[in-house]
Amino acid sequence: MAAAAGADGAAGAAGTTGAAATATVGRGGAAEGVRAAGAARRHWRAGFQRGVIEIRHLLRNPKEMTGNLLNIVVALTLASYLSGDVPGTHVAMAHLTLSGFAAYLLFQIGLVSLPQILVTEREEGALLRLRATPGGIPAYLVAKSVLVVTLALATLVLLLGTAALLVDGPLPHSAGGWLTLLWVGALGLLAVVPLGAAIGAVLPNPREALALIMLPAMALLITSGAMFPLSSLPGVVQKIASVFPLKWMAQGLRSALLPDAARAAEPAGSWELPTVALVLTAWAVLGFLLAVPLLRRAARRESGSRLAQRHRRSTGDARTA
């Protein structure tokens, strides 16, 4: 009986120990989750604060916005010379072009301007400093997202507002149209900003960045139906364009800015908004999956010697020029 009691006591002690260990593991996991959540909040806070600082810097340097303002002037000038209606509809061709150009400006900010900014900052040692910056890569991406979203929103408002005043440009006709404009613009930016960050992480230098990005961007502008009806292009071109986000961004913005009669000019005869959301979401996920590891890889590869070597090379090229 004494042996049995001893065995029962040992079993009870073991059970108590196991429960205590389980409780300890549970508390450890909960503490780890709390720490991870706290770190994520700090990253977001640091990124947002850095983004606000970058917006202030942009406002104090208007020359950096010259490219976007020039694009708006080009769009308005082009629309003022266009006449006639979209084939098969009573919708002005100028309205279709302005709607597509609005999508292209969002696309350009995320996929052309952002990579140039990242490459320039990498050359200046920004990625090297991220190792000692609170939040590191996540906060850096949040800051760039805040900057790009603010710049894109300001560009879109300026384009549509100026077009409505000067050339009777298109605006949403209902609350549903404004809502569509909002979610297509936001999802379109989510689709191209992470992708732009990933591209910026692998481009060689600022001088080559513009040449490597602008040619594909202009090709997509022509083939994605942003400037004229996509149905007028060959079927093969339409299929290729449908893979990339600009085609769906332009189609979504047309659905928000143009009357329903304009659907007749779409290849499918409808706006296909569920497909717009699906394709843009897929590109957003792909961009995030690529951007973070590529930026971390670029930051790991940075060193003081690499930075000094690039500076010596750029100084030598400037002297040679």
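**Starting from one residue**

A: Setting aside its neighbours within four places in sequence, T97 is in contact with L78, L82, A226 and M227 (contact means heavy atoms within 4.5 Å). T97 sits in helix 3 (helices are DSSP runs of H or I with at least four residues, strands are runs of E with at least two, and both are numbered from the N terminus). T97 counts as buried because its relative accessibility is 2%; buried means under 20% relative accessible area, exposed over 50%, and partly exposed in between, using a 1.4 Å probe and protein chains only.

Before we go on, a word on where this comes from: this is a predicted model, in which local features need pLDDT of at least 70 and side-chain atom pairs count only at pLDDT 80 or more, while totals for chains, interfaces and linings use all residues. Residues are numbered from 1 along each chain as its sequence is written, and side-chain values use heavy atoms, with hydrogens and water left out.

Two packed helices are described by the angle between their axes and the distance between the axes. Helix 3 covers residues 93–123 and packs against helix 5, residues 136–166, at an angle of about 150°, with the axes 10 Å apart. (Axes are lines fitted to C-alpha atoms, for helices over the stretch in contact, and angles run from 0 to 180 degrees between N-to-C directions.) That angle makes helix 3 roughly antiparallel to helix 5, the word used for angles over 145 degrees. Which residues of helix 3 meet helix 5? Among them are L98, F101, L105, I109, L114 and E121. On the side of helix 5, the partners include Y140, K144, V148, L151, T155 and L159. By class, this contact has 16 nonpolar, one polar and two charged residues. (Ala, Val, Leu, Ile, Met, Phe, Trp, Tyr, Cys and Pro count as nonpolar, Asp, Glu, Lys and Arg as charged, and the others, Gly among them, as polar.)

Most residues other than glycine have a negative phi. D168, though not a glycine, has a positive phi of about 55°. With a relative accessible area of 56%, D168 is exposed.

Further along, E272 also has a positive phi of about 55° without being a glycine. E272 is placed in the loop between helix 9 and helix 10, and is partly exposed at 26% relative accessibility. In helix 10, residues 273–301, we find T275, which is partly exposed at 30%. T275 and G252 are 23 residues apart in sequence, and their C-alpha atoms are 9.7 Å apart in space.

Finally, let us step back to the whole protein. It has eleven helices and zero strands. Of its 321 residues, 42% count as buried. Among contacts between residues at least 6 apart in sequence, 79% join residues at least 24 apart. How confident is the prediction, then? The mean pLDDT, the predictor's confidence in each residue from 0 to 100, is 79, and 77% of the residues reach 70 or more. Confidence is highest in helix 9, residues 245–257, at a mean of 94, and lowest in helix 11, residues 304–320, at 56.

How values were computed:
Parallel < 35°, antiparallel > 145°, perpendicular 65-115°, else oblique.
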